[in-house]
Amino acid sequence: MKQRLLPLYVISIYAFLHLPLLILCAFSFNSSRFTIWEGFSLVWYKAMWNDGALAEATWNSLLIAAVSTVLATVVGTLGAYGLWKKNSKFLSGSMYLSLVTPEIITGIALLATFQWAFRFFHLQLGMHTVILAHVTFSIAYVLLVVMARLRTADPALEEAALDLGATEWQAFRLVTLPMLKPGIAAAALLAFTVSFDDYVITSLVAGVDSETLPMMLYAMARRGANPVVSAISTVIFVGLGILIVASERLQKT
Amino acid sequence: MGDLHLEAIYKEFPSHRVVDGITLTIPQGCFYSLLGPSGCGKTTTLRMIAGFDEPDRGVIKLGDRTLNGLRPYERPVTTVFQSYALFPHLTAAENIAFGLKRKGDPDTARKVKEALDLVQLSAKADRLPAKMSGGERQRTALARALVLQPEVLLLDEPLSALDPKLRKQMRLELKELQARVGITFLFITHDQEEALSLSDQIAVMNKGRLEQIGTPQEIYLTPATRFVAGFLGAVNWVGAIGVRPELTRISREAPGNGARVVEATVSSAMFLGDCFQVETKTPAGDSIVAQIAHGLGEFQRGERVHVWWHPHDEMAIPQ
Amino acid sequence: MMRLRTLFLLPAWAFTLLLFLGPMLIIVVYSLQTKGVYGGVVEPWTLENYTRLLDPLYGVILLRSFVMAGASTIGCIVLAFPLALYIARSGTRKTLLLNLVMLPFWTSFLVRTYAWMFLLRDTGLLNSALLALGIISEPLPLLYNDWAVIVGLVYGYLPFAVLPLYSNLERLDKSLLEAAADLGAKPWETMLHVVLPLTAPGMRAAGVLVFIPCLGAYLTPDLLGGGKSMMIGNLVQNQFTTARDWPFGSALSLALMAIVMLLLWALLRRDGEEML
């Protein structure tokens, strides 16, 4: 009996996981503004395309994600390499802790810190504070992915490079870095998605010039039913899905 | 150029002392083996010569140049790693060219080609390590280390990753290669057969100390300590006298002409394929094993026999 | 080698100290001070913010957070265990099935939460469908209650339960099950006396890994609870924005942080560092 029940149970869990998103995507192509299917239409995508504020928020999000990805990838990769050479329990522990810290706490702590720092510098919340915050929480993701890659690496490779006359820097650049390339690319994609997607922390440290796509999506979602939100969601869902599948692929090569 | 000297080398790790006062000289152009069980400190010794670890005390000299304190890339010494440590993103030829490029050698292309020829890998020059067989990887690693014309080549159990058949073949190739290039080879191994068959000289290590240095024959036939005798092969101990089982004979009648004889009782007899292994017990309680060829008779359990050997086959070791 | 390593670790250290540990320290300092008249933080130093945590007004929210997080954790494990068991036994399709669990998880959290709003709200798909079918005559209040929040949390953190359970079940030696059967155990007896005890570490890991983010959830109760189902995270946000009581918000955050660290510490102490 159990042999037939288990697959059924499993199928329903997969339905639970995937149907909400698939339905949302499907209804973004609905010509009606209500949740009754009336026919295929791209009207909500057109509305999304023509929304200037939305375009600006998307641009902000892409810019923030791109800059913080580059920074977090560099810092995280160097950090992972440093920790590989000699582990610092304190640093890696802090990294793990930052991963499990509730976002709301990270957000308010950063907000408090920025406000405190502004007493000494004539600055305001804005793009730069958002980017700093994003780099901070992305580093741990990069570190984790790159360290996983390094854990499978043969430490003798670098010794071999030194033995053959390479300096430490050359050993890193010519041997370890090429070997890490897929891992680093995967880490960067992951950093990009977590940055692009973040709402909680961003909303706390953003200024007037830095409204992001998730912030706008949040506001629209709270306002009530709006098929444009479904259209935006579908685009984000598909876009991030592609990045993540690419990242997974890279991690396995 | 010159001999490699280790003078009173000590190295301690947090848990224990790994190398405990080693002094030895490895003559230039020699095929020299460091033989010992795992954990005896031989790999640490190699790493100190290569420059991956620094000794706590003691001097490492090549000719009259001191190597202490030099970084690995400053030492005229290269290593063939146990795992080969081939760079996975570089082809065989690129792996071999790696060291030459670091030196900015203008003759890189020709030297790489010669090195590939030397190890018979010219046809596989553009292969990545992942696409090579175990033997090809091993040869690439050798070529990569040799192409820099080091004064000493360090080999860290280079055959251990190969299957037994290939291992015997590579052993021959290695010996031949060393004769051709004339570079000092320092070969680290725990396999006594490898060490015996390859080396001009062997240093046997145990628990961070040297037990004996000598030619393969000296080490095998006249071991200085019980450890060396036992590590290189099975031994029958009768008091302070040791005899190898393959040099021990058994007969029903007493042998003449000055042989050393012990009377004993057969406790077991086993057929091993190429010989019989007969285990006997002396009245004093010693157990003596003899390996005897086919046709020298079969012995039954419980039989009273004469166990004997020639005095010149004895190994006398003070206890 | 030492110098290069130190150099490489420097930026990571800088970010960790300045933008993670530093901010935490500032929160600690704020939690010991007093709320200013116009918001902000002033002296005197006080422990009052911590004693206020016990105020029934807030105690209710703390208690509710625990109950909601607990219920979501149980829900996740109940859903995840059979799923993990099935995946662990499905041979070559393992990777595909696991990726199918992870895929929605990696897409936008906000989008996933919105998908449930889309399904559950008064004019949402479920109500529209039920109305159209004539099963109900008035929309059911599916959204903006505790149940919606629990569904959202289970949906959000299910993979955190599936992964540790899967890796535990995957390592489970199949011959143990055969041995149990051989010794006369019925399948459910094998499950109860062999599989469950052996997957206890996986259960503990799954429990902690789901409970922690659920307890600190902010977005899910905010969107699916609609202010009616407040949890600690929302209270913290509220103190920092609307109420402008930073000292109390800081004390709340630290209390939450302390629970998170305590849970992790307990898990690591019990099941070792093999999980990291």
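**Figure 1. Domains of chain A in the predicted model.** Chain A of this predicted model is divided into domain 1, covering residues 1-41, and domain 2, made up of residues 48-155 + 181-252. The C-alpha centres of domain 1 of chain A and domain 2 of chain A are separated by 29 Å. Where the two domains of chain A meet, seven residues of domain 1 are in contact with six residues of domain 2. On the side of domain 1 of chain A that touches domain 2 of chain A, four residues are nonpolar, two are polar and one is charged.

**Figure 2. Overall build of chain A, with its 11 helices.** Chain A contains 11 helices and zero strands, and its elements accordingly read α-α-α-α-α-α-α-α-α-α-α from the N terminus on. Along the principal axes, the C-alpha atoms of chain A fill a box of roughly 70 × 65 × 35 Å. Chain A has 253 residues, of which 49% count as buried. Among contacts in chain A with a separation of 6 or more, 79% are between residues 24 or more positions apart.

**Figure 3. Packing of helices α3 and α6 in chain A.** Helix α3 of chain A spans residues 52-85, and helix α6 of chain A spans residues 127-151. The axes of these two helices lie 6 Å apart, and the helices pack at an angle of about 40°. The relation of α3(A) to α6(A) is therefore oblique. The crossing of α3(A) and α6(A) is right-handed. In the contact of α3(A) with α6(A), 18 residues are nonpolar, eight are polar and none is charged.

**Figure 4. Packing of helices α6 and α8 in chain A.** Helix α8 of chain A comprises residues 168-197. The axes of α6(A) and α8(A) come within 9 Å and cross at roughly 150°. Since angles over 145 degrees count as roughly antiparallel, α6(A) and α8(A) are therefore described as roughly antiparallel to each other. The crossing of α6(A) and α8(A) is right-handed. From α6(A), the residues that take part are A:H134, A:S138, A:Y141, A:V142, A:V145, A:V146 and A:R149. They meet residues of α8(A), namely A:L180, A:G183, A:I184, A:A186, A:A187, A:L190, A:A191, A:V194 and A:S195. By class, the contact of α6(A) with α8(A) has 11 nonpolar residues, four polar residues and one charged residue.

**Figure 5. The contact between chain C and chain A.** Two pairs of chains are in contact, and of these chains A and C share the most contacts. The contact takes 66 residues from chain C and 64 residues from chain A. On the side of chain C that touches chain A, two or more residues are given by each of α1 (2-31), α3 (56-88), α4 (94-106), α5 (109-120), α6 (125-132), α11 (219-224), α12 (232-240) and α13 (246-271) of chain C. The largest share of this side, 18 residues, comes from α1(C). By class, the side of chain C that touches chain A has 50 nonpolar residues, 13 polar residues and three charged residues.

**Figure 6. The contact between chain B and chain A.** Chain B gives 19 residues to this contact, and chain A gives 15 residues. On the side of chain B that touches chain A, the elements that give two or more residues are β6 (77-80) and α2 (92-103) of chain B. The largest share of this side, four residues, comes from α2(B). By class, the side of chain B that touches chain A has 10 nonpolar, five polar and four charged residues. No contact joins chain B and chain C, and the closest C-alpha atoms of these two chains lie 10 Å apart.

**Figure 7. The surroundings of B:G41 in chain B.** B:G41 is found in the loop between β3 (31-35) and α1 (42-50) of chain B. With 24 other C-beta atoms within 10 Å, B:G41 is buried, because a residue counts as buried if 20 or more such atoms lie within that distance. Not counting residues up to four places away in sequence, B:G41 touches B:V18, B:V19, B:M205 and B:G208. B:G41 and B:E303 are 262 residues apart along the chain, and their C-alpha atoms are separated by 46 Å.

Conventions: Residues numbered from 1 in each chain as written. Chains lettered and ligands numbered in written order. Predicted model: local features only at pLDDT ≥ 70, side-chain atom pairs only at ≥ 80, totals over all residues. Nonpolar A, V, L, I, M, F, W, Y, C, P; charged D, E, K, R; others polar. Buried ≥ 20, exposed ≤ 12 C-beta atoms within 10 Å, placed from the backbone. Axes fitted to C-alpha atoms, helices over the stretch in contact; angles between N-to-C directions. Parallel < 35°, antiparallel > 145°, perpendicular 65-115°, else oblique. Left-handed = near helix turned anticlockwise from the far one by under 90°. Domains from an automatic or database assignment.
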